[in-house]
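The following note collects points for a colleague who is reviewing this model.

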Amino acid sequence: MVFEYVRQPWKTLYLAYRVPVTICVLPMLAVIYALPIFRPQPGLSWGHAIRIAFFRHLNIIICSVGSIPPLPDHHAVVPSKEAQGIWIDGTPELITADLKLWTCHLQGYWFGKKGIVPEPKTPVQPGEKVFLFLHGGAYIFLSAHPRSFSSAIPRRLVELSGTVPRALAVEYRLSSTHPLPDRHPFPTALLDALAGYNYLVNIAGYHPSNIIVAGDSAGGNLTLALARYLVENSGVTDVLLPNPPGSLLLLSPWTDFSDSHDLPGSSSLTNKGDVFEDLTDKAGVAYYAKRAFLGPYGLGMAATNRYISPASLHPLAHASFIGFPRTFIQAGGAERLLDQIRTLRDKMVADIGEDNVIYYEGADAIHDYIAFPWHPAYPSTLEAIQQWLA
């Protein structure tokens, strides 16, 4: 069970057992992986296979006890030498009446290219571009703070282009359910992402066309939801929304929270060497994340809700992408989410045209490999993103 040992003394007892087990298992795998046929993907080098194995075992520990040490959350700005923390006001004026009470005062962290001050002077220079970064973690893990390993992504993105020197990472509220309290289900994260977007437009002074919303894994799902809210409601509701962003950058996005892609022979079942676990495991992280994120709505809503599962194959699902901005989609060839990401690509190409959708697939690459600089597909992927940004 996820977070089964999050409380003391069970946390200490579990770590006392699990850490030695991991220390013993990794040398055994080092011997087994000497033969390529036994590696998670035969095309991987011995060193890369060991790194993936280590991350998988570390992931097991984190899923059981939570982050060690705990990562910052939306309750406070935690100072850092690598980024500038700020407070972001909620945006009840941009939300329809039923959701106003869900808005919240939250945090964000500015990342800047080496040699510049992370937080820009306001208003920003005309034409200056910026990333709005939404981190992954299945909506239940990780943080926008530089201590989170996912922060390696915005730190690297700002170095790719002289025209996009900064990124604002939003500390959106994470979802949880038993054995933790039931908190922050959908659409809480969407409201927080909207607050971050509003901050860039109406406080920092960025033009919407110069904003690149980027997200990895669940952050990619949130990126699509934010774009959809802005596209579908701008000029339609009784609130004055900013215009949609100029671009979207989707990094191993989780695009189907239903089971519509869990078919025999699909990547969700066959790509067993991925760091993302079996999506059908009822005791696993993915199932917990779905229950926590969907909360009172229940798992059934994921099949047809275009904000939650834009790539759903359910017969009644319909997620139009007409009006969406130009998009770069990255996937790993060995990740469990591969089939649903390809479905997303096909749907977007059908609605906004092949010229507006760039798709890059890393050969033999795991889920969210863009967060791991050691992965062999990392350099070529960054080069492709850099060309897209130019």
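1. A cavity is taken here as a set of grid points where a 1.4 Å probe fits but cannot get out. The model under review is a predicted one. When the whole structure is searched, one cavity of 30 Å³ or more is found. The space in this largest cavity comes to about 40 Å³.

2. Which residues line the largest cavity? They are Tyr-139, Phe-186, Ala-189, Leu-190, Asn-221, Leu-222, Ala-225, Phe-293 and Tyr-307. Sorted by class, the lining comprises eight nonpolar residues, one polar residue and no charged residue. Helices α4 and α5 each contribute at least two residues to the lining. The most comes from α5, which supplies three residues.

3. The packing of these two helices deserves a separate entry. Helix α4 spans residues 188-203 and helix α5 spans residues 218-233; they pack at an angle of about 70 degrees, and their axes lie 10 Å apart. Angles of 65 to 115 degrees count as roughly perpendicular, and α4 and α5 are therefore roughly perpendicular to each other. Their crossing is right-handed. On the α4 side the contact is made by Ala-189, Leu-190, Ala-193, Leu-194 and Tyr-197, and on the α5 side by Leu-222, Ala-225, Leu-226, Tyr-229 and Leu-230. This contact of α4 with α5 has 10 nonpolar residues, with no polar and no charged ones. Ala-189, Leu-190, Leu-222 and Ala-225 take part in this contact, and these four residues are also among those that line the largest cavity.

4. Tyr-139 has a positive phi of about 70 degrees, although Tyr-139 is not a glycine. Its place is in the loop between β3 (130-134) and α3 (152-157). Pro-187 lies in the loop that runs between β4 (166-171) and α4. As background, most residues other than glycine have a negative phi, and most peptide bonds are trans.

5. Where else is a cis peptide bond found? The bond from Ile-68 to Pro-69 is cis, with omega near -10 degrees. Pro-69 is placed in the loop between α2 (46-65) and β1 (84-88).

6. The crossing of α1 and α2 is right-handed. From α1, the residues in contact are Lys-11, Tyr-14, Leu-15, Arg-18, Val-19, Thr-22, Val-25, Leu-26, Leu-29 and Ala-30; from α2, they are Trp-46, Ile-50, Ala-53, Phe-54, His-57, Ile-60, Ile-61, Ser-64 and Val-65. By class, this contact has 14 nonpolar, three polar and two charged residues.

7. A last point concerns a loop. Ala-317 is located in the loop between α7 (285-294) and β7 (326-332). Between Ala-317 and Thr-304 there are 4.3 Å in space, C-alpha to C-alpha, while the two are 13 residues apart in sequence. Leaving aside residues up to four places away in sequence, Ala-317 touches Ala-303, Thr-304 and Ser-312.

Technical notes:
Residues numbered from 1 in each chain as written. Predicted model: local features only at pLDDT ≥ 70, side-chain atom pairs only at ≥ 80, totals over all residues. Heavy atoms only, no water. Axes fitted to C-alpha atoms, helices over the stretch in contact; angles between N-to-C directions. Helix = DSSP H or I, 4+ residues; strand = E, 2+ residues; numbered from the N terminus. Parallel < 35°, antiparallel > 145°, perpendicular 65-115°, else oblique. Left-handed = near helix turned anticlockwise from the far one by under 90°. Contact = heavy atoms within 4.5 Å. Nonpolar A, V, L, I, M, F, W, Y, C, P; charged D, E, K, R; others polar. 1 Å grid on protein atoms, 1.4 Å probe; cavity = no way out; pocket = protein on both sides within 12 Å on 5 of 7 lines; lining within 4 Å. Points joined across faces, edges and corners; volume = space filled by probe spheres on them.
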